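Let's walk through this structure together, one region at a time. Keep the viewer open and follow along as we go.

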Amino acid sequence: MTEKHIIVEDVDPVILYGANNANLQIVKALYPKLRIVARGNVLHVMGDEELLTSLEETIGKMEKHCLEFNSLNEEDILHIFRGEKTGRDGGKNVIVYSTQGKPITARSENQRRLVEAFGQDDMVFATGPAGSGKTYTSIALAVKALKNKEIRKIILSRPAVEAGEKLGFLPGDMKDKIDPYLQPLYDALEDMIPVSRLQEMMEQKIIQIAPLAFMRGRTLNDAVVILDEAQNTTIPQLKMFLTRMGQNTKMIITGDITQVDLPAHTQSGLLYALKILNGIRGISFIYMDKKDIVRHKLVTKIVEAYESAHKD
């Protein structure tokens, strides 16, 4: 009789074990001669050594499946146990799977160009109107790179400038003041990583979300670094950010050049960078437009109305 502890490290045990431990019960039924007890993220197993090895391989494949698809059901477990493919394949355009197990893909031509540019170059600028998917697609690419162990961390940042409001007017300490500016980034991450696992990764600094000012003095290695709302950076701020780039790091800079909230007579760092960095090998520029908008159909009409009014 051999005893072994199998530690579930990379995925949320709730997804692996299933609701009310339904998946775990299936595993126990497939290995009736083993005694399997789950305590948190550790499986305590006793039984024949050959069966223990087989179970460990099965659990490893289940973990890998959960990591990729964010879901696991009875059919998946049976396929894995038999050594068969699970049959889940959203196609070559899938970036990652949502926490609901749905494929997240590039949904427009320019989003596909963003995916391709990320694969080819270490720095990508993606500009476009609200709802064009530039931030969401960028975060999906970062999550995929992290899951594939191509990088060790994701760093997401935003300038704390919004529609003329100032941090001092918000209640609470510094974190409370900053969090509302970063909420869109949290929202996207929560679509792709289970909340408990996301919290754990943030505590371990595997995923870091911070305002732009916190980037000063850092060298960012082995990471995907995303700067959102870059149109609200000044020229010195964006230069500071871009020069944080370290080894094995990719940067994505997103923004909407029609929504600059900087004080009057302050030039946008994004606009300046688009002008002076164009033509440098290793930097891609993706320009999205209203055809890329994937939110409610009214968003496209609103963008068109503002464009029309601006021309008049």
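Helices (H or I, at least four residues) and strands (E, at least two) are DSSP runs, numbered from the N terminus.

Before going further, a word on the ground rules. This is a predicted model, in which local features need pLDDT of at least 70 and side-chain atom pairs count only at pLDDT 80 or more, while totals for chains, interfaces and linings use all residues. Residues are numbered from 1 along each chain as its sequence is written, and side-chain values use heavy atoms, with hydrogens and water left out.

Next comes a surface feature. Ile257, Val260 and Leu271 make a nonpolar patch of about 200 Å². Patches are made of residues with over 30% relative accessible area and no salt bridge; like charges are joined within 9 Å, and nonpolar side chains (Val, Leu, Ile, Met, Phe, Trp, Tyr) within 5 Å. The areas come from the Shrake-Rupley method with a 1.4 Å probe, and for residues only the protein chains shown count as cover. Val260 sits in the loop between β10 (249-255) and α10 (269-276), and with a relative accessible area of 31% Val260 is partly exposed.

Now turn to a sheet. Three strands form an open sheet in the order β1-β3-β2, with antiparallel pairing. Which strands stand at the edges? They are β1 (2-7) and β2 (35-39); each has a single partner strand, so one side of each is left without a neighbour in the sheet. From one strand to the next, the twist averages 15°. Two strands count as paired if DSSP finds at least two bridges between them, and β2 is joined to strand β3 (residues 42-47) by five bridges, the two running antiparallel. One detail to pick out is Arg39, whose bridge partner in β3 is Val42. Helix α3 (residues 49-69) packs on this sheet and touches β1, β2 and β3, its direction making about 5° with that of β1. Axes are lines fitted to C-alpha atoms, for helices over the stretch in contact, and angles run from 0 to 180 degrees between N-to-C directions.

The charged residues are our next stop. How many salt bridges does the structure hold? There are ten, each being a side-chain nitrogen of Lys or Arg within 4 Å of a carboxyl oxygen of Asp or Glu. In one of them, Asp10 pairs with Lys149, the closest N and O atoms being 3.9 Å apart. Asp10 lies in the loop between β1 and α1 (13-17) and Lys149 in the loop between α6 (134-147) and β7 (153-158), so the pair ties together parts that are 139 residues apart in sequence. Asp10 is partly exposed at 32% relative accessibility, whereas Lys149 is exposed at 61%. Asp10 also leads us to Arg197, which touches Glu9 and Asp10 when residues up to four places away in sequence are not counted. Arg197 is in helix α8 (residues 195-203) and is buried, with a relative accessible area of 11%.

Another salt bridge links Asp222 and Arg152, with 3.4 Å between the closest N and O atoms. Asp222 lies in the loop between β8 (207-211) and β9 and Arg152 in the loop between α6 and β7, so this pair ties together parts that are 70 residues apart in sequence. Asp222 is partly exposed at 22%, while Arg152 is exposed at 60%.

Our last stop is a network: salt bridges that share partners join Glu109, Arg112 and Arg113. Within this group, the side chains of Arg113 and Glu109 meet at 3.9 Å, N to O. These two are four residues apart in helix α5 (residues 109-120), and therefore separated by about one helical turn.

Note on methods: Buried means under 20% relative accessible area, exposed over 50%, partly exposed in between (1.4 Å probe, protein chains only). Contact means heavy atoms within 4.5 Å.
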